[in-house]
Amino acid sequence: MTVRNAKHATFTIERVYPASPARVFAAWSNKEAKTAWAYCHPEWPVSDHVFDFREGGREHLVTGPAGGTRHVFDAVFHDIVPDQRIVYAYDMHLDERRISVSLATIEFFAVAGGTRLVLTEQGAFLDGYDDIAGREEGTRIGLDNLDRQQRQQRAA
Amino acid sequence: MTERSTKHATFAIERTFAAPPSRVFAAYADVKSKARWFGGPEDWGKSNLKLDFKVGGRESESGGPPGGPVHYYNAIYQDIVPDERIVLTYEMHLDKTRISVSLGTTEFKPAGAGTRLVYTEQAVFLDGHDDAGGREQGFGGLFDQLARFLEMQ
């Protein structure tokens, strides 16, 4: 029998990108743009990607190592303020097991030379899947990918 | 133009009820039972709770003081473990304004013949509306109503 528990945690990551809030927001609000940076394991194939970017809309995708554990991401967009804020809730499954439910807030602030992005994740990590440091690290990798993407676009 | 801001907060409330976990859980899972305790003060009028208690299911309720703003509660169930745990996300609106988005975890643990309930809310309060203190106080009132409901059963 599964031992049930819930561990609650919050982490915040900040980045400054050399692009306008509208450009950085577009990297979150557009399916192709987001696919290019958002995943911590770019070598993992992504399938079943649904991306309906509006309040009440959902995002769904399945990824993971070929032939290995399926990582299933399911999100609902709750609050969208163009170029300023996105709030969404998401859960993660490893195969059939729900490992976490999270609330994520992404804020975009205009600063000299670009955009300060503040990501806040508030999560409930379930039934022993409490690798919160791993979640934060994976999120950082995604935001670093976004930084590379923004710099490349600027150079192009 | 609305000045945008966010305030993130987490609070936890623990209560012990004389009823076993299965009964306390049922007070959440059954719409008729939940409507008896999950609502505003009496002068807000009769409950209009709608509840589809399953993972992915939705819940809604609205109400408010006579002549005052209407409070809208809209939830989505994220995780349900019978008699043990409920995880949901919910939004609150005051009239047309979204004031918060929350992740709520309710855990039901046996405590002698009764139940120790732990409710943890992780919330983002939007654009200066509401705050964790007011929300925590609101849930304190709901748990008082839940205790009375369980005693009357």
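Reply: Start with a helix on strands. Helix 3 (residues 132-152) of chain B lies across strand 1, strand 5, strand 6 and strand 7 of chain B. Helix 3 runs at about 20° to strand 1 of chain B. Helices (H or I, at least four residues) and strands (E, at least two) are DSSP runs, numbered from the N terminus. Contact means heavy atoms within 4.5 Å. Axes are lines fitted to C-alpha atoms, for helices over the stretch in contact, and angles run from 0 to 180 degrees between N-to-C directions.

Me: What kind of model is this, and how is it labelled?

Reply: This is a predicted model: local features need pLDDT of at least 70, side-chain atom pairs count only at pLDDT 80 or more, and totals for chains, interfaces and linings use all residues. Residues are numbered from 1 along each chain as its sequence is written, chains are lettered from A and ligands numbered from 1 in the order written, and side-chain values use heavy atoms, without hydrogens and water.

Me: In what order do the seven strands of chain B form the sheet?

Reply: Two strands pair if DSSP finds at least two bridges between them. Here the open sheet of chain B has the order 1-7-6-5-4-3-2, with antiparallel pairing. Strand 1 (6-17) and strand 2 (50-51) of chain B each have a single partner strand, so they stand at the edges.

Me: Over how many bridges do strand 1 and strand 7 of chain B pair?

Reply: They pair over 12 bridges. B:Thr6, for one, has B:Leu126 in strand 7 as its bridge partner.
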